[in-house]
Amino acid sequence: MVTALCPGSFDPVTNGHVDIIERTARLFDDVIVAVIRNPQKTQSLFSLEERQEMLAEAIGHLSNVRILYFKGLLVDFAREYGADVIVKGLRAVTDFDYEMQMAQMNQSLSGIETLFISTSPQNSFLSSSLVREVARFGGDVSSMVPSPVAKHLAERFPSPPE
Ligand code: PNS
């Protein structure tokens, strides 16, 4: 059995993430969606529990996918759970440098390989950070995120800030 790892902050999960996870679940027997406990990039908008709950609602239909959280190094988590490969979505050249660096670092630390899946064109402009920003200022993100996420965002940002 081959176990694939889809790691991320998922703050919040977008349609782009769901697409990559669904495609990964078609390629591998067992998929672990690994939610990082403390995202480094920003103060997270949603708590770990909220991020996990929204993911569960968005990908609960995939029977070979588990959602777990991790802290520390991804490669240590991969080793602990016997994951064989890391799978990431690649949007554009802007993603490439950093993703390549992380893939090489993880390979050098542990030998684990990273495979990239190209993002579907309709999702290529999507990122959690842009979705957060648009939602914060009252923009409509309902076509960009699973409906439970749109609901959570509307609750979090009931009206645009002054
Ligand atoms: O959704 P994101 O924020 O792009 O996900 C980034 C993530 C969580 C996959 C990455 O930051 C990560 O793997 N962090 C764990 C710490 C780690 O292993 N750092 C070394 C990476 S080379």
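Strands in these legends are DSSP runs of at least two residues (E), helices are DSSP runs of at least four (H or I), and both are numbered from the N terminus. The model shown in every view is predicted.

**Figure 1. Overall fold of the protein chain, with six helices and five strands.** From the N terminus on, the elements follow the order β-α-β-α-β-α-β-α-β-α-α. Because the radius of gyration is 16 Å, close to the 15 Å given by the globule rule for 162 residues, the protein chain is as compact as a globular protein of that length. The C-alpha trace spans about 50 × 35 × 30 Å along its principal axes, and 44% of the 162 residues count as buried. Among contacts between residues at least 6 apart in sequence, 76% join residues that are at least 24 apart.

Figure 2. Strand β2 comprises residues 30–36, and seven of its seven residues are buried, which leaves the strand mostly covered. In a regular strand the side chains alternate between the two faces of the sheet. In β2, Asp30, Ile32, Ala34 and Ile36 point one way, while Val31, Val33 and Val35 point the other way, and all of these residues are buried. Strand β1, which covers residues 3–8, pairs with β2 in the parallel sense over six bridges; within this pairing, Thr3 stands opposite Asp30 in β2.

Figure 3. Most residues other than glycine have a negative phi, and most peptide bonds are trans. Phe10, although it is not a glycine, has a positive phi of about 50 degrees, and it is found in the loop between β1 and α1. With a relative accessibility of 4%, Phe10 counts as buried, because the term applies to residues under 20% relative accessible area. A cis peptide bond, with omega about 0 degrees, joins Asp11 and Pro12. Pro12 has its place in the loop between β1 and α1, the helix that covers residues 15–27.

Figure 4. Thr114 has its place in β5, the strand formed by residues 113–118. The relative accessibility of Thr114 is 15%, so this residue counts as buried. When neighbours within four places in sequence are left aside, Thr114 is in contact with Ile86, Lys88 and Ala103. For a view that also includes Ser63, which is 51 residues away from Thr114 along the chain, the C-alpha atoms of the two residues are separated by 23 Å.

Figure 5. His152 lies in α6, the helix formed by residues 147–156. At a relative accessibility of 16%, His152 counts as buried, because this value falls under the 20% limit for that term.

Definitions and conventions:
Residues numbered from 1 in each chain as written. Predicted model: local features only at pLDDT ≥ 70, side-chain atom pairs only at ≥ 80, totals over all residues. Heavy atoms only, no water. Rg over C-alpha atoms; globule rule 2.2 N^0.38 Å. Buried < 20%, exposed > 50% of the residue type's maximum accessible area, 1.4 Å probe, protein only. Contact = heavy atoms within 4.5 Å. Pairing = 2+ DSSP bridges.
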